[in-house]
Amino acid sequence: MDQTASAATRVASRPLVIVASFAGSLLVGLLLMLWALGGVRGVTAPAAIGGPFQLTDQSGATVTEASLQGRPTLIFFGFTHCPDVCPTSLFEISEILRAMGGDADRVNAYFISVDPERDDAAAMKDYLSSFDPHLKGLTGDAETIAKVTSEYRVYAKKVPLKDGDYTMDHTALTYLMDRDGKFVAPFNLSRTPAEAAADLKKYL
Ligand SMILES: [Cu+2]
């Protein structure tokens with residue numbers, strides 16, 4: 001009797017462990033998502049991040065979601081008039097690309113504008129001249145940018161300044177997409193360029 005009961009417990013406890021670890025990974029996933037969304041604006045599965053787009057880089061070439069195929073991609077959304085977050089992040093991404101050495105040619109690094117009103121291809125070209133040449137600055141018209149920011153769950157909002165000018169509030173995450181163009185996770189820039197480069201190389 002006792003033996004049967006303990007055997008039953010053993011059998012029963014195994015699925016429980018599986019359920020518990022599944023629930024645990026769901027929780028981790030959910031927390032990651034909440035963090036990725038920078039607050040909660042509708043909870044979406046990580047797989048739902050990304051989608052088709054057609055943008056123009058700083059040299060006038062067309063870049064689409066097909067460009068994500070076959071190599072890992074870092075994507076950062078921002079704007080050229082950004083006072084601190086964007087230049088800091090682009091500097092960090094530049095350092096990582098430098099640490100990648102020759103492998104930097106085997107990744108994509110995109111800076112996508114959330115401010116199409118001011119960031120045309122010429123503005124992007126001028127701005128990106130301060131950063132690693134592998135970085136591509138992508139922009140498009142307001143409608144195109146609205147579509148891609150929505151697909152990537154990027155929050156971007158115009159904030160008027162007192163002098164009549166404006167700034168942009170925006171999500172400041174670096175997205176890591178894999179060789180299939182699928183979202184992996186936010187890419188952590190808060191480590192040494194060598195560490196981040198080693199991590200990125202795993203996705204080559
Ligand atoms: Cu910014």
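**The open sheet and its helices**

Tutor: Read along the sequence, the protein chain runs α-β-β-β-α-β-α-β-α-β-β-β-β-α. That pattern holds five helices and nine strands. Keep in mind that this is a predicted model.

Now the sheet. It is open and has five strands, in the order E5-E4-E3-E8-E9. The pairing is mixed. In general, strands of a sheet pair through backbone hydrogen bonds, either parallel or antiparallel. At the edges lie strand E5 (135-138) and strand E9 (183-186). Each of these edge strands pairs on one side only. On average, neighbouring strands of the sheet are turned by 25° against each other, direction ignored.

Look next at one pair within the sheet. Strand E3 covers residues 73-78, and strand E4 covers residues 108-113. Their pairing is parallel and extends over six bridges. Within this pair, leucine 74 is placed opposite alanine 109 of E4.

Helix H3, residues 121-128, lies across E4 and E5. H3 runs at about 155° to E5.

Finally, step back to the whole chain. Of its 204 residues, 29% count as buried. Take the contacts between residues at least 6 apart in sequence: 70% of them join residues at least 24 apart.

Definitions and conventions
Residues numbered from 1 in each chain as written. Predicted model: local features only at pLDDT ≥ 70, side-chain atom pairs only at ≥ 80, totals over all residues. Pairing = 2+ DSSP bridges. Helix = DSSP H or I, 4+ residues; strand = E, 2+ residues; numbered from the N terminus. Axes fitted to C-alpha atoms, helices over the stretch in contact; angles between N-to-C directions. Contact = placed C-beta atoms within 7 Å. Buried ≥ 20, exposed ≤ 12 C-beta atoms within 10 Å, placed from the backbone.
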